[in-house]
Amino acid sequence: MISIVDIINITDFGAEVSVALLANENDLITEKGVVWSTNTNPTIEDSIVSGGSGNGGFNVTITGLESGTQYNVRSFITIGESTIYSSSMSFSTTNSCFSNVFEGSIRLETQTEVEAFGAIGYCKVSGGLQI
């Protein structure tokens, strides 16, 4: 039996997934991990993060996600030629950058300009950024 226990520490660009795994001692688990996608029921053909091999639960961190996006995740194990999936769970990444966007392009030519621009606290530039 494999199942996702919890999805925690969800940020704009990542999340942590805890997985419970209860397998027979004789099962040779050659791979285990988590797959994710914006589509329902992701598989190992989608994005994957490895949880190693062998019996026992595990935790993984998914990174490189887009902010403000809903993802579906499933845990999996591979035994021999077979891949077994848990049921799917969904979560949405946060979107903390919704109001402090610099609209347009900007060119910063000195360290002082870079520091002054950074002090404003923009989290995104809608156009080009040239330093």
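Modeller: Let us begin with Y85, which has a relative accessible area of 25%, in what is a predicted model.

Colleague: Why is Y85 called partly exposed?

Modeller: Buried means under 20% and exposed means over 50%, so Y85, with its 25%, falls in between and is partly exposed.

Colleague: What makes F76 and Y85 a tilted pair?

Modeller: The ring centres of F76 and Y85 are 6.5 Å apart and their planes make an angle of 50 degrees; since stacked requires under 30 degrees and edge-to-face over 60, the pair is therefore counted as tilted.

Colleague: And how do you know whether F76 is buried or exposed?

Modeller: The relative accessible area of F76 is 0%, which is under the 20% limit, so F76 is buried.

Colleague: What makes the pair of F102 and F117 edge-to-face?

Modeller: For F102 and F117 the angle between the planes is 80 degrees, with 5.4 Å from centre to centre, and because an angle over 60 degrees counts as edge-to-face, the pair receives that name.

Colleague: Why does the pair of F102 and F117 tie together parts of the protein?

Modeller: F102 belongs to strand 9, residues 101-102, whereas F117 belongs to helix 1, residues 111-120, so the pair links parts that are 15 residues apart in sequence.

Colleague: Why is F117 called buried?

Modeller: Its relative accessible area is 13%, and because buried means under 20%, F117 is buried.

Technical notes. Residues are numbered from 1 along each chain as its sequence is written. This is a predicted model: local features need pLDDT of at least 70, side-chain atom pairs count only at pLDDT 80 or more; totals for chains, interfaces and linings use all residues. Side-chain values use heavy atoms; hydrogens and water are left out. Rings of Phe, Tyr and Trp (its six-membered ring) pair if their centres lie within 6.5 Å; planes under 30 degrees apart count as stacked, over 60 as edge-to-face and the rest as tilted. Buried means under 20% relative accessible area, exposed over 50%, partly exposed in between (1.4 Å probe, protein chains only). Helices (H or I, at least four residues) and strands (E, at least two) are DSSP runs, numbered from the N terminus.
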